[in-house]
Number of protein chains: 2
Amino acid sequence: MTAEHIVKSFDDELKLLNRTIAQMGGLSEVQLQTATDALMRRDAELAGKVIQADKRIDELEHQIGEMAVRMLALRQPMASDLREVVAALKISADLERIGDYATNIAKRAIAISQAQPVSTLQAIPRMGQLVQSIIKDVLDAYVDKNAERAVAAWSRDEEVDSLYNSLFRELLTYMMEDPRNIGSCIHLMFIAKNIERIGDHATNIAETVYFLVHGRGIEIARPKGDVTSYAIAPTPGGRAGA
Amino acid sequence: MTAEHIVKSFDDELKLLNRTIAQMGGLSEVQLQTATDALMRRDAELAGKVIQADKRIDELEHQIGEMAVRMLALRQPMASDLREVVAALKISADLERIGDYATNIAKRAIAISQAQPVSTLQAIPRMGQLVQSIIKDVLDAYVDKNAERAVAAWSRDEEVDSLYNSLFRELLTYMMEDPRNIGSCIHLMFIAKNIERIGDHATNIAETVYFLVHGRGIEIARPKGDVTSYAIAPTPGGRAGA
């Protein structure tokens, strides 16, 4: 009886842990969406709401951390139960970072709302929507313990990198054409980089879901597509290396 | 006898865990140093070595993760022992990210080595040395379980942010003065941002050390000094908002 009671109660705790992760994930998804909307609408007030709401995500991470440590200490879980608790710690850390990046996008949206509009802005929400759908998929995969769905979402990170690379180049050209664009374009570059990083964290979550289900890591090489770090600094007028 | 044997053996495992973290920390420190050196010397070969060496850091994180999970499963540690294992997981995740940022600096160092030199480069190694000394201090604080030293290192993150903010502005001016600088300056901005992020991860480690020693978080507000996200996009010639 006692053993069964403990088992049942651990399951209840696990359900609460899963639910809190799902809630935190939902919030992070909305934060990215709202930050991108605020940027597109040049709406500083909406961006301010994103910055405010980040506290809630931090609180949820803290709650999950306390729950997980309590479960480790009092329940001493083994095998797949232990993986559940370790996975919760990892996923909540990734979601917290996603929240931070969304907040940074919102801060930059406020700055940009006061500068002249930049035409390349359209590629940003495209990237945002793609990453948002990947976050949604990895969270669904987490809730359903579906490793295949996690891998499918994981492999879409390449699309994100490809969008990022072309947007980066576009912004660079734009800056060189007209120095008045430099300030806004730098914010947009960091925003694009933030979205790309959010995609990396979604990829991490997919890897954690796979580990949770199978007890081992994904055995395909990780998609790594941001090539802009290697891009040779362009010098217009063929003055390269001068 | 058996109980004592188990306790002794847990201590041995803990020592190995601590040593592996210290080793990983030392490597991350060297990676940052070497990446900055490669940038300053325009030495693409040295930068390539940093990129290669990142694998070792990833391996160490993997080892620490496996050790920690095994200790949780087989030893079922409580109280401060449990905090030790959870802290090891957190610190190794931060060190892994520090390694990734150092690698990204190295990639950008390769790109920059092929472009025309930029005079503002000097502020980068200054930032790098500061962050490196903070990493060293938090790692020493970890080894000695010295919370005060961790807090002292933690509070120095403000200096990093202040260096970052002035460097950012300097680079912006430089880009607007001469569009041929744009490509290199963007790499330098991302490098500076990477070093600033490394500082944030060192700050995380300081917080983990404090938690490890005291069983609760640091109760002062976190220093947050990167104001460039809020910087209004400058438009030279007083054409703001045009």
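Reply: Let's start with A:Arg156, which counts as partly exposed at 24% relative accessibility. Keep in mind that this is a predicted model. The side chain of A:Arg156 meets that of A:Glu159 in a salt bridge, with 3.7 Å from N to O. A:Glu159 is partly exposed too, with a relative accessible area of 40%.

Now hop over to chain B. There, B:Asp140 forms a salt bridge with B:Lys136, and the closest N and O atoms are 2.9 Å apart. Why can these two line up? They sit four residues apart in helix α4 (residues 123–144) of chain B, so about one helical turn separates them. B:Asp140 is partly exposed, at 23% relative accessible area, and B:Lys136 is partly exposed at 41%.

Back in chain A, have a look at A:Arg180 and A:Asp178, whose side chains make a salt bridge at 2.7 Å, N to O. A:Arg180 is partly exposed with a relative accessible area of 25%, whereas A:Asp178 has 18% and is buried. The cut-off for buried is under 20%, so 18% falls on the buried side.

Over all chains, the whole structure has 26 salt bridges. What you do find between the chains is three residue pairs in polar contact. On chain B, the helices α2 (44–75), α3 (79–113), α6 (157–177) and α7 (182–214) each supply at least two residues of the side that touches chain A. By class, that side has 29 nonpolar, eleven polar and seven charged residues. The contact takes 47 residues from chain B and 46 from chain A. About 4,300 Å² is buried between them, and carbon and sulfur atoms give 67% of that area.

Leaving out residues up to four places away in sequence, B:Ile186 touches A:Phe168, A:Leu172, A:Met175, A:Met189 and B:Met175. B:Ile186 is also among the residues with the most contacts inside the largest nonpolar core, alongside A:Met175, A:Ile186, A:Leu188, B:Met175 and B:Leu188. That core has 156 residues.

Key
Residues are numbered from 1 along each chain as its sequence is written. Chains are lettered from A and ligands numbered from 1 in the order in which they are written. This is a predicted model: local features need pLDDT of at least 70, side-chain atom pairs count only at pLDDT 80 or more; totals for chains, interfaces and linings use all residues. Side-chain values use heavy atoms; hydrogens and water are left out. Contact means heavy atoms within 4.5 Å. Buried area is the accessible area (1.4 Å probe) that two parts lose on being put together, summed over both. A polar contact is a pair of N or O atoms within 3.5 Å; within protein, one must be able to donate a hydrogen and the other to accept it, and residues adjacent in sequence count only if both atoms are side-chain atoms. Ala, Val, Leu, Ile, Met, Phe, Trp, Tyr, Cys and Pro count as nonpolar, Asp, Glu, Lys and Arg as charged, and the others, Gly among them, as polar. A nonpolar core is a set of buried Ala, Val, Leu, Ile, Met, Phe, Trp, Tyr and Cys residues joined through side-chain atoms within 4.5 Å. Buried means under 20% relative accessible area, exposed over 50%, partly exposed in between (1.4 Å probe, protein chains only). A salt bridge is a side-chain nitrogen of Lys or Arg within 4 Å of a carboxyl oxygen of Asp or Glu.
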